Each structure stands twice: as structure tokens, then as C-alpha cells.
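I opened this notebook to record what I looked up in one structure. The entries run from the overall form to individual side chains.

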Amino acid sequence: MSTELICFFLLGFAAFLLNAGLSSKILTLFWLVLPLVVKLVLDTNKSRVMGK
């Protein structure tokens with residue numbers, strides 16, 4: 001459930017950035033880097049919870 005919520009939030013945020021005038025070239029970088037960061041954060045949080 002939380003993964004879907006994050007994905008919908010990021011989709012809305014990307015739509016907001018496009019409407020604000022962000023270049024589509026920068027938006028592709030946004031879509032390449034941000035999912036990796038979100039995955040790393042979620043994985044580290046899961047490992048902390050599982051470790052304790």
C-alpha cells in the first residue's frame with residue numbers, strides 16, 4: 001500500500017513540475033534518479049526494522 005501511495009505522489013509531483021514549466025529533459029533525470037533514491041530509503045528502513 002505504501003509503495004502505491006509513493007508512486008501516485010511522485011506522479012502528481014511530476015505533473016506539477018511539468019505544469020510549472022520544467023523542461024522534459026530534466027524530468028527524465030528526475031524519473032531515473034528519484035525511484036532509485038526511494039528504493040534505497042525503503043530498503044534501509046526495512047533492514048533497520050528487521051534488524052531490531
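The entries below cover the fold, the surface and the aromatic side chains.

**Overall form.** I worked from a predicted model. I counted 2 helices and 0 strands in the protein. I then compared the radius of gyration, 14 Å, with the 10 Å that the globule rule gives for 52 residues; the value is well over the rule, so the protein is more spread out than a compact globule. Along the principal axes, I found that the C-alpha trace spans about 45 × 20 × 10 Å.

**Burial and surface.** I looked up how much of the chain is buried: 10% of the 52 residues. The accessible surface comes to about 4500 Å², and carbon and sulfur atoms account for 75% of that area.

**Nonpolar patch.** Which residues form a nonpolar patch on the surface? I noted Leu29, Leu32, Val33, Val37 and Val41, which together have about 450 Å² of accessible area. I followed up one of them, Val33, and placed it in helix H2, residues 24–51. Val33 has a relative accessibility of 43% and therefore counts as partly exposed, since the exposed class requires over 50%.

**Aromatic side chains.** My search of the whole structure returned 1 aromatic pair. Phe9 and Phe13 form this pair, with 6.3 Å centre to centre and 15° between the planes, and it is stacked. Both residues lie in helix H1, residues 2–19, and are 4 residues apart, about one turn of the helix. Are the two partners buried or exposed? I recorded Phe9 as exposed at 57% relative accessibility, while Phe13, at 34%, is partly exposed.

Note on methods:
Residues are numbered from 1 along each chain as its sequence is written. This is a predicted model: local features need pLDDT of at least 70, side-chain atom pairs count only at pLDDT 80 or more; totals for chains, interfaces and linings use all residues. Side-chain values use heavy atoms; hydrogens and water are left out. Patches are made of residues with over 30% relative accessible area and no salt bridge: like charges are joined within 9 Å, nonpolar side chains (Val, Leu, Ile, Met, Phe, Trp, Tyr) within 5 Å. Accessible areas come from the Shrake-Rupley method with a 1.4 Å probe; for residues, only the protein chains shown count as cover. A salt bridge is a side-chain nitrogen of Lys or Arg within 4 Å of a carboxyl oxygen of Asp or Glu. Buried means under 20% relative accessible area, exposed over 50%, partly exposed in between (1.4 Å probe, protein chains only). The radius of gyration is taken over C-alpha atoms; the globule rule is 2.2 Å times the number of residues to the power 0.38. Rings of Phe, Tyr and Trp (its six-membered ring) pair if their centres lie within 6.5 Å; planes under 30 degrees apart count as stacked, over 60 as edge-to-face and the rest as tilted.
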